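Subject: Structure handover

Hello,

Here is the structure for you to look over. Please open it alongside this note.

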Amino acid sequence: ISAVFRSPGRHGYAVEASPFIPNRLACAASQYYGIAGSGSLLVLDQTDAGMVLVRSWEWGDGLFDVAWSEANEHVLVAGGGDGSLQLWDSANQTAPLRVAREHTQEQQSCVDVLRR
């Protein structure tokens, strides 16, 4: 099964399925193919009518990876072009729970962050 979700001005970099909620996906996306501009973190549900946006957040730099928590159905982490890792709660619509700025270059993979 394949589905399409159009997010104008954004290019997807990573898509991860929720380990808790069937048909729920998270997508890390960037402007201008990640070369410049901001990023978006999208939470999507695949329904009979197609892909539906559940929540989205904007980040000041491109986002290149996303991973769901294996312990909490609402928690996910995204890796940014500014070297940051952002911890998000999909039940909170305002800002990340925490931002770690430990890297000086792009965070291109965050799959192991939530497993530690």
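Below is what turned up, starting with the sheet and ending with the aromatic rings.

One point first: this is a predicted model.

The sheet

Four strands make up an open sheet, in the order β1-β2-β3-β4, and their pairing is antiparallel. Two of them, β1 (11-17) and β4 (50-59), are at the edges. Each has a single partner strand, so one side of each lacks a neighbour in the sheet. From one strand to the next, the twist averages 25°.

Strand β3 covers residues 39-47 and runs antiparallel to β4, with nine bridges between them. For a landmark there, take glutamine 46: methionine 51 in β4 stands opposite.

The surface patch

Tyr13, Tyr33 and Ile35 make a nonpolar surface patch of about 400 Å². Tyrosine 33 sits in the loop between β2 (24-30) and β3. Its relative accessibility is 57%, so tyrosine 33 counts as exposed; the cut-off for that is over 50%. Tyrosine 13 is at 37% and therefore counts as partly exposed.

The aromatic pairs

A pair of aromatic rings is described by two things, the distance of the centres and the angle of the planes. There are three aromatic pairs in the structure. Two of them are set out here.

Start with tyrosine 13 and phenylalanine 64. Their ring centres are 4.9 Å apart and their planes meet at 85°, so this pair is edge-to-face. Tyrosine 13 belongs to strand β1, phenylalanine 64 to strand β5 (residues 63-68). The pair therefore ties together parts that are 51 residues apart in sequence. Is phenylalanine 64 buried or exposed? At 13% relative accessibility, phenylalanine 64 counts as buried. So tyrosine 13 has a place both in the nonpolar patch and in this edge-to-face pair.

Next come tryptophan 59 and tryptophan 88. Here the ring centres are 6.2 Å apart, with the planes at 85°, so this pair is edge-to-face as well. Tryptophan 59 lies in strand β4, and tryptophan 88 lies in strand β7 (residues 85-89). That pair ties together parts that are 29 residues apart in sequence. Both tryptophan 59 and tryptophan 88 are buried.

Which residues form the aromatic cluster? Trp57, Trp59 and Trp88 form one together.

Best wishes

Methods:
Residues are numbered from 1 along each chain as its sequence is written. This is a predicted model: local features need pLDDT of at least 70, side-chain atom pairs count only at pLDDT 80 or more; totals for chains, interfaces and linings use all residues. Side-chain values use heavy atoms; hydrogens and water are left out. Two strands pair if DSSP finds at least two bridges between them. Helices (H or I, at least four residues) and strands (E, at least two) are DSSP runs, numbered from the N terminus. Axes are lines fitted to C-alpha atoms, for helices over the stretch in contact, and angles run from 0 to 180 degrees between N-to-C directions. Patches are made of residues with over 30% relative accessible area and no salt bridge: like charges are joined within 9 Å, nonpolar side chains (Val, Leu, Ile, Met, Phe, Trp, Tyr) within 5 Å. Accessible areas come from the Shrake-Rupley method with a 1.4 Å probe; for residues, only the protein chains shown count as cover. A salt bridge is a side-chain nitrogen of Lys or Arg within 4 Å of a carboxyl oxygen of Asp or Glu. Buried means under 20% relative accessible area, exposed over 50%, partly exposed in between (1.4 Å probe, protein chains only). Rings of Phe, Tyr and Trp (its six-membered ring) pair if their centres lie within 6.5 Å; planes under 30 degrees apart count as stacked, over 60 as edge-to-face and the rest as tilted.
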